[in-house]
Amino acid sequence: MAELETIAAGGEMPDYAATRSVANQQLGPRQQLRIERLAKRLGRIKGKGFTPIELGLLGNRTLSYLSDPLSAAGLARGLLISAHEAPYDGVAGFAFSAKNCFERGLDAVLAVLDESALHAERPLLDRVAEDEAVLEAERIASAIAEAARSKTGCPAIIATLPPCIQLTSADIATPGSTARFRLRVNMMLGNGAAEGRWLMWDQAALASRIGIERWFDPVAYHSAKVPFNVELCPLAADNIASLLAAKSGKSARALVLDLDNTLWGGVIGDDGLAGIRIGQNSAEGEAFVAFQSFVLGLRERGVVLAVCSKNTDAVAREPFRRHPDMLLKEEHIAVFQANWDDKATNIRAIAEKLGLGLESLAYVDDNPAERERVRRELPLVSTIEVGEDPSFFIDRVAGSGLFDHLPLNCDDLARANSYGGRAAVAEIRARVGNYEEYLKSLGHADDHLTLRRGRPSAHRSTHQQVQPVQPHHAPLQR
C-alpha cells in the first residue's frame, strides 16, 4: 500500500479516483488510521468530487467512536462524512423538547438506541404489556423522525435492535421476552421505513452476520457505555456509509460479469457446452446456479446486468441459449461484450452503451489478475474481491454494500429494463451510419423494449423510457 504510505508522509493530496482506490483496499488497524487522517485532511479542504454529508449521531450510549471510522468509510464510497454527536443520552431532549442539540445543518440524523431507551416493562406472558411496549417504541421512533424533520430539515435513520443471546429456543414464542420484543420492534421499524416515515440502518442484520458474541462487548458496554464492540466500528461505519451512499445516489447501478469460472465452471471455448460445470448435481455446479439466482435477484431490484468476457461472441452466448441449467438468459443481459479486447476497454464500452459513469459499475471476475488490472486501469469501477470459489460469491457481493438501496418503488424495479432499452438504442446507433438511418431504426428499438418490458411501448418514445441517472459507485474489499 505504497500510495497510502505516501499520503501518510504528508505528500501531495491524491485526486478523487486515487483516493477512492486507496480507501477501497483491505485495511489493517494501521492503514485504517491513515485513511481516517486522510479523510480529515480532505474534509478541511472540501475534496473535489466527493459528496459532503453532515451526519448527526443520536443515541442513549456513546457513539463518538464511530466518527473517524465513518469519515474513512465515506471516502471509499465517494462521500466526505462529517459526524456530529449529540450530548450523551440526549434522545429524549431531541425528540420531545424544543431544544436542538445539533448546531448546524444536517443531511441525516442516525439514531442508535438500545433497549434501555424504550422504557417498557414487559412481564413474561403478558401479551397486552408487550403490545403496549412496541407501541411505545413506535412513539419514540416517530418523535425522533419528526424532530429530525422539524429541527434539522433532514430524515432520521433509525437503527434496528441487535439480537440478544437467548436463554432458550422458546424465547421467540414467549411474550415479554427480550428476543421476541426486539424482533417485533425491528419489524415495526421496517414497516415504518417502508411507509417512508424514516430510513433504517439494519444493525441487527450486521450483528447477526458478525455473530452476537463478537458484536456485543459487555465489558465496554458497562464501562464505556458503547453499544457494540469498538473494534468493529470500521465495519459498522462501512455498513452505515453504504446506506448514506444509497441515500446520496451513489449505489452501483450495474453489475458487470465475467463468464468462465464466474457464471459457470470451466472455459466454454475449450470445454464446450457439455464440458462446463453448472448445476448437474455437483457442489460446484450448484454454487454457480445459486450465484446466478442471486444475480437475477439484483436485476429484479433494478440493477442492470452486463457481460464482459474474453471470448468469441457466438461461443460465449451458447450457454445462455442452450444449457438447460442456466438461469441467466440473453434477455437478462443489457450489454453483452464478448470479444478479445482487454477488460478495461470493454468495461468502458459497457458504461458508454448504458449511459452510466464508471462509478456506477461493479465488476465481478474470478481471475485475480483481471481484477487487479481493472482496479488499476479503472479505479472508479468497483471491482469486488470475490475470490475464486463460487460458494463465496454471493456473500462477497452482498457484503460489499455496493447495492444497498432505500425502500424500493416501482421506478426502481423498472430501472434495469430502462437501461437495457438505452443500451439497445446505443447498439443500433453504432451499427447504422447516419442519423436518418438511426431514426428509422428506432422502430426496432421500440420493439426491443416491448419484448423486454412485456407491454406496449407505443405511448412513449424510447428516450422517454430512459430514466436520467447520476453516476454511482461504492467500495469493495472490506
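**Figure 1. Where helix α6 meets helix α7.** In this predicted model, R127, E130, D131, A133, V134, A137, E138 and A141 of α6 touch R180, F181, R184, V185, M188 and L189 of α7. Sorted by class, this contact contains eight nonpolar residues, six charged ones and no polar ones. Look along residues 127-152 to find α6, and along residues 178-194 to find α7.

**Figure 2. How α6 and α7 cross.** Two packed helices can be described by the angle between their axes and by the distance between those axes. Here the axes of α6 and α7 come within 10 Å and cross at roughly 40°. The two helices are therefore oblique to each other. As for handedness, α6 passes α7 in a right-handed crossing.

**Figure 3. The largest cavity.** Which residues line the largest cavity? They are L113, L118, A137, I140, A141, I158, A159, L161, V185, M188 and L189. By class, the lining has 11 nonpolar residues, no polar residues and no charged residues.

**Figure 4. The largest pocket.** This pocket has a volume of about 1,100 Å³. Its lining is made of 40 residues, and N239, S242, A398, G401 and D404 are the ones nearest the centre. Which element gives the most to the lining? That is α17, with six residues. Elements that supply at least two lining residues each include α7, β5 (199-201), α8 (203-210), α11 (233-247), α13 (283-300) and α17 (393-399). The lining divides into 20 nonpolar, 10 polar and 10 charged residues.

**Figure 5. Helix α3 packed on helix α4.** Let's finish with another pair of helices: α3 (residues 29-45) and α4 (residues 67-76) pack at an angle of about 80°, and their axes lie 8 Å apart. That angle makes α3 roughly perpendicular to α4. On the α3 side, the contact is made by Q32, I35, E36, L38, A39, K40 and L42. On the α4 side, D68, P69, S71, A72 and L75 take part. Grouped by class, the contact of α3 with α4 has seven nonpolar, two polar and three charged residues.

Notes: Residues numbered from 1 in each chain as written. Predicted model: local features only at pLDDT ≥ 70, side-chain atom pairs only at ≥ 80, totals over all residues. Heavy atoms only, no water. Axes fitted to C-alpha atoms, helices over the stretch in contact; angles between N-to-C directions. Helix = DSSP H or I, 4+ residues; strand = E, 2+ residues; numbered from the N terminus. Parallel < 35°, antiparallel > 145°, perpendicular 65-115°, else oblique. Left-handed = near helix turned anticlockwise from the far one by under 90°. Contact = heavy atoms within 4.5 Å. Nonpolar A, V, L, I, M, F, W, Y, C, P; charged D, E, K, R; others polar. 1 Å grid on protein atoms, 1.4 Å probe; cavity = no way out; pocket = protein on both sides within 12 Å on 5 of 7 lines; lining within 4 Å. Points joined across faces, edges and corners; volume = space filled by probe spheres on them.
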